Amino acid sequence: MNSAKADNSKSELDNDLFWGTYRPNLYFGTRPRLPNSLLSGLMWFGLDNQRNWDSIRHSCELGDNLSEYGYARHNGRDFGEQIMRDTDHGVEIKSEFVKMSGTNGGSWAARFSGKTLKEDTDGVSLMYYFGLEGNGTMLMSVLDDMLTIRGKTPELGRFNIRIVPAQSNVSPQLPENLLKVDGISSVSKISGVALKVPKTEVWRAKEFISQRVVASAKTRMIKVIEQTERKAPFPGHMLFSLDTDIPKKKGKNLFFAQMVVRGDFSFDVVYECADESAKIDNESIDTVVNNKRKDFDTRFDSVFGLREKGFDNTEIEMARNALSSLIGGIGYFYGSGLVSKDPKPEYDQRDVRIADPELCEPYSLFAAAPSRPFFPRGFLWDEGFHQLVLGHWDSELSVEILHSWFQTMDSNGWIAREQILGEEARSKVPKEFQVQYPNFANPPTLLLPIQMLASWTKAANVTESLGKTINVDSRAQGIDIETKTQAMRDDLGKMAEYVSRLLEFFHRTQAGEVHNVAGGLSGSEQRMNAAYGFRWRGRTMDHTLTSGIDDYPRARPPSTGELHVDLFSWVTYMEMVNAELATFASTNTSSTEENVAIPSNSNLQLYLRRLDELHWNDDENMYCDVTVRVRDDYDELEDDASTATEPDFVCHKGYISLFPVLLGLVPPHSAKLGHILDIVEDPNELWTDYGIRSLSKSDPYYGKGEDYWRGPVWININYLLLSSLYRNYITVEGPYQEQAQRIYTGLRRNLIDNIGKQYRESRFFWEQYNPEDGHGQGTHPFTGWTTLIVLIMAEKY
């Protein structure tokens, strides 16, 4: 491959992805993919209720009760638009984000337009801010109804910012008697406030401006009371309008613009780098947005082909919003996480003391958040599903995220399952969930998109398989598909090494109790021994959070003698993918890792055989977990203690029991497949009109306790089932082919119908769906793996 072409391609990708809406925890916020740099964000609050200052909109919060928000279009590179409808604060806001290529990441603009929702209103306070976390200088001025900021940092170079309200904006007018009060002026079209705050606390911008808003309102109220006979309530726009305050002393690092409006409104935020070719004309923003919108719709239709499959405009809009909201949830995260140096003790080791957790060295992560209000950070278990969707849209962007995750891997092959980086991230997480433990694994879902990318790259018609996922703009710039394909092969070679290290981590840390005798054996010998079973660490009586299927019923009480069928299935799948990636790894001459797993077909066959031997229960005709129980005939006085226990199945029909089929490990001619499909298709077990429920309706734990994974319908597992049926059982002749086709067709239709219905009624995608009536439940918007509905509609597996 021409190295100059490859370097040019990588450079353009880095530039394309430098700036973005990478603060997904906010309703709207931008930042570059740099640590300690320039942050920006939108805030607003309605003025009719004078307590609204206490709930300024900034970060996405379930308690804000917005009736709608989420991206309608977002291409992941240089365009995104969303609607935010806030009935409690009486305003609807549309954001439109565009970028221009240039040096130091180029320039960008955001146009905000909307309206207040009531005619008789005090209006709404709109605010936009920029804050500098690192080194640099910024100076602000307000002149001719425009706020400007000139700045410079080592990474961004020189830049200029302007915030420009539309001339047509209407501000509420004060009564004449209030205009006579000293210190009370008419509402200006735009005002600015400059503050100096600790660099590490710029993310607390809402708190800082809230303090200023309240202090200003108190001062204004006192002046009115002292100089007039008027008593409360006072007009909201009088109390909460900020006067421009720009101290002459330099060193400020947090700058706010405020616009108080009612009726229709609009304002532009423009960030320009020093590159003259990347200048943005306010007058041209509408044209750029309209062109980007058309390009997005054309490409969406080309990639997913939903219209050809018979979907109507409403269904296509839902799918478009799902993809866009997933992309709009991509963030750049930087900071230190709380990590324990010691493994967390087992359930029955409560007296074992370990060292206090410490903050690790800060690092960055580029990832998609599952839920902007509730889970605005990286989750390892979720990310693989996210990248299945994103990989179909923009494989280069997806690979960038996959690489970012693998770069967080430590020398032991461990990746923290929840990435809680920095104080801003920790502020959203209860303390008991903040610490990450080095013996805790998580389902290796990153291998799902890696396997997908590898299959495309190996395909005979690579232009059709991989080419459609290459960003259109890149192809227009003359980067040929051969160069892109070779770059993807190189990326897969690098990821193959990480996959091997991850596989070794699972063997070393998640092996069943029997493997404690394997110390001193080589890596390949340990893998052979590990075929006798695996156990998730981190068990409690009611939860196995590390498995991702949190409260699904397992053995009670927890035991170090347990073996978990889902984990065995994941490790077997890892062995399979590791073998598939061997051709990519062998071409990567940089591989010098001593602990790289050597793929072996005999190993894989051993795993498949042992899966059945360990976990198939002939009496229940299903796959089950295994635990150990004291033998009924054990006599502690006469029998050897080593013979006191015997294995015992723990059987609960549901997602856990399906994993061998979900991951394609059951042969299409196996009678076991028929038994599993019967469970899936039985409405008294797993089948519902809304998707496959997580736990059988006949199970005593169904709907009990927390009821998180004890009945509700989850889209990620339903997708895995559809994908496996489609790829492994429908197209292969066998005794269960017709049944597999029937289940696939009905399940796909049920999922599309119900998610579409719930989206139309609520305007949100949900974390899970009720198995009895299909309504969305859990957190919302949940635009992580629920967006797999796009692939289900397009039949892309």
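When I say that two residues touch, or are in contact, I mean that they have heavy atoms within 4.5 Å. Hello everyone, and a word on the model before we start. It is a predicted one, where local features need pLDDT of at least 70 and side-chain atom pairs count only at pLDDT 80 or more, while totals for chains, interfaces and linings use all residues. Residues are numbered from 1 along each chain as its sequence is written, and side-chain values use heavy atoms, with hydrogens and water left out.

Let's begin with Tyr759. Leaving aside residues up to four places away in sequence, Tyr759 touches Met318, Asn321, Phe764 and Phe765. Tyr759 sits in helix H21, residues 737-762; helices here are DSSP runs of H or I with at least four residues, strands are E runs with at least two, and both are numbered from the N terminus. Is Tyr759 buried or exposed? With a relative accessible area of 6%, Tyr759 is buried (buried is under 20%, exposed over 50%, partly exposed in between, using a 1.4 Å probe and protein chains only).

Now to Arg73, in strand E4, residues 68-74. Arg73 is buried as well, at a relative accessible area of 12%. Which side chain makes a polar contact with Arg73? That is Asp297, at 2.8 Å. A polar contact is a pair of N or O atoms within 3.5 Å; within protein, one must be able to donate a hydrogen and the other to accept it, and residues adjacent in sequence count only if both atoms are side-chain atoms. Beyond four places in sequence, the residues touching Arg73 include Phe79, Arg293 and Arg320.

Strand E4 takes us to the sheet. This is an open sheet of 8 strands, in the order E4-E5-E6-E7-E14-E11-E10-E9, with antiparallel pairing; two strands pair if DSSP finds at least two bridges between them. E4 and E9 (137-143) stand at the edges with a single partner strand each, so one side of each has no neighbour in the sheet. Inside that order, E10 (residues 146-153) and E11 (residues 157-165) pair in the antiparallel sense over 7 bridges, and Thr153 stands opposite Gly157 in E11.

Last, a helix pair. The axes of H18 (residues 655-662) and H20 (residues 715-729) come within 10 Å and cross at roughly 30°. Axes are lines fitted to C-alpha atoms, for helices over the stretch in contact, with angles from 0 to 180 degrees between N-to-C directions. H18 and H20 are therefore roughly parallel to each other (under 35 degrees; over 145 is roughly antiparallel, 65 to 115 roughly perpendicular, the rest oblique). Among the residues making the contact are Tyr655 and Phe659 of H18 and Leu720 and Tyr729 of H20.
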